[in-house]
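Please read this report alongside the sequence and the 3D view.

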Amino acid sequence: MHILIVDDESVIRDGLARILEGDSFTVDAAKNGHAAIELLQQKQFDLIITDLKMPGMSGFEVLNAVKILQPDTPVIMITGFATVETAVEAMKNGTVDYIVKPFTPEQILEKVHLALEQKKTTVEDIVVKKEIDCHHGFDDFVGESREMQKVYRRIIQVASTDSTVLITGESGTGKELAARAIHKHSSRRDQPFVAVDCTALAENLLESELFGHVKGSFTGAMQTKMGLLMVADGGTLFLDEVSNISLSTQAKLLRVLQERQVTPIGGTQPVSFNIHLVAATNRNLKTMVAEGKFREDLFFRLNIIPLELPPLRERKGDIPLLIRHFMHKFVEEVGKDLRGISPEAMHFLENYAYPGNVRELVNTIERAVVLCEGDVIQKENLELGEAAEVCSTGFDGFVPTSAEALKEMKRHIRDRSVENVEKAFVIQALKRNNWNISRAAEETGMLRPNFQTMLKRLGISVKDYFGR
């Protein structure tokens, strides 16, 4: 459980941190409301403890920010005797409890455990849990990691609104899958879902595709054509790789989105439309705005609800699930009888950096199933080449440009190296003992529960190495 403490007094922050960390909680601390909001935008917390009276930004303002940024996270308010009535008022506005100074460690822990137990299960959590229990994922996504559960919850949340969504993420992370999931869970599900690849069309063709045109409006306009904004009327319009739209087309698109009316090229009468707009990009639009390559007003129009898809290297725990899912899929399609995947091949896939993300993993598994001549996929069947050996170190060709980035990379490489040694240690122990966990633990001098805990932390499941 991850708890955020917000208090301008270092004595209170440090004292609370010691109490909570002593009870096995992970703690972050912020000395004011502004620092807290920055942390809320970067991390997901299970509980927030904030002082009521702080300079600059009060506990009430922190509470309001939490309700927007992390609406399912409970808040406990710290208050003095003189402001108990105010704290009670805060509870009416969304806090789950309050603590009166001075307090004892026992009082703190009692309040914290009670708040976590009473944490409300939202409709989104119920839907996500049901989906994950059924097929280890959500819609066409496969993955149970905390990172992906955040994505699933956000999809459910935005699907119930008409707010514009901007999906960001590297190539191959599943941006169109997310857009289709939003549409599927919305009230527009029975209306059209129209996807436009903004990279695939030249500027003049893109405008014609989006806005439509009348017969004879330009050379080649042999007949009147309805634009995709109108084709999607009542449903969802998905603009993929929106960063590739030219500045002139951006200006026209902005005006159309503001007015919710479109005039076909060569036409004179605007036509109203009603769509849920979802856009996606693998580029940083803020950087493009700063460089003058993307309109700031259009960026703000698109970025009402952000949805960021994590790269596969940040959700390593999902890799065995993905491998098993796509192996089963391609084994059925190809008609082969495979028992599974070798430990060496699995270990390699779990440590590969996946610059192409899930799309690359899918292609790799399909290739391995087709090329495998035995009944178990071997490392050589993956055919990822020498570049994969470099990528699997976690370096992935990235060169840091600042001391802070260098420090972070060194930490990442150290953690990855330790993890690789641990994985090799447990896998070899299991192989020597015919994949019997009890015997492997005994041979290595570990208690069975500790050995199992290490397997779970490393995302290793014996069944993943023996197919279906």
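## Basis and overall make-up

This is a predicted model, in which local features need pLDDT of at least 70, side-chain atom pairs count only at pLDDT 80 or more, and totals for chains, interfaces and linings use all residues. Residues are numbered from 1 along each chain as its sequence is written, and side-chain values use heavy atoms, with hydrogens and water left out.

The protein has 20 helices and 18 strands; helices (H or I, at least four residues) and strands (E, at least two) are DSSP runs, numbered from the N terminus. Of the 468 residues, 45% are buried, where buried means under 20% relative accessible area, exposed over 50% and partly exposed in between, with a 1.4 Å probe and protein chains only. Among contacts (heavy atoms within 4.5 Å) with a separation of 6 or more, 69% join residues 24 or more positions apart.

## Helix 2 and helix 3

Helix 2 (residues 33–42) packs on helix 3 (residues 59–69) at an angle of about 10°, and their axes are 10 Å apart. Axes are lines fitted to C-alpha atoms, for helices over the stretch in contact, and angles run from 0 to 180 degrees between N-to-C directions. Helix 2 and helix 3 are therefore roughly parallel; angles under 35 degrees count as roughly parallel, over 145 as roughly antiparallel, 65 to 115 as roughly perpendicular and the rest as oblique.

Helix 2 contributes Gly33, Ile37, Leu40 and Gln41 to the contact, and helix 3 contributes Val62, Ala65, Val66 and Leu69. By class, the contact of helix 2 with helix 3 has 6 nonpolar, 2 polar and no charged residues. Ala, Val, Leu, Ile, Met, Phe, Trp, Tyr, Cys and Pro count as nonpolar, Asp, Glu, Lys and Arg as charged, and the others, Gly among them, as polar.

## Helix 9 and its surroundings

Helix 9 (residues 203–211) and helix 11 (residues 247–259) have axes that come within 10 Å and cross at roughly 10°. That makes helix 9 roughly parallel to helix 11. On the helix 9 side, Glu203, Leu206, Glu207 and Phe211 meet Ser248, Thr249, Lys252, Leu253 and Val256 of helix 11. The contact of helix 9 with helix 11 has 4 nonpolar, 2 polar and 3 charged residues.

Leu206, Glu207, Ser208, Leu210 and Phe211 of helix 9 are buried. The buried residues of helix 9 pack against several elements, including strand 9 (193–197), strand 12 (236–240) and helix 11. Just after helix 9, Gly212 has a positive phi of about 85°.

## Helix 15

Helix 15 (residues 343–351) has 7 of its 9 residues buried, so it is largely enclosed by the rest of the structure. Those buried residues are Pro343, Ala345, Met346, Phe348, Leu349, Glu350 and Asn351.

## Aromatic contacts

Rings of Phe, Tyr and Trp (its six-membered ring) pair if their centres lie within 6.5 Å; planes under 30 degrees apart count as stacked, over 60 as edge-to-face and the rest as tilted. By this rule there are 7 aromatic pairs. Phe138 and Tyr152 are stacked, at 5.0 Å centre to centre with 20° between the planes. Phe138 lies in strand 6 (residues 137–138) and Tyr152 in helix 7 (residues 146–159), so the pair ties together parts that are 14 residues apart in sequence. Phe138 is buried at 0% relative accessibility, and Tyr152 is buried at 0%.

Tyr352 and Tyr354 form an edge-to-face pair, at 4.7 Å centre to centre with 75° between the planes. Tyr352 is buried at 4% relative accessible area, and Tyr354 is buried at 0%.
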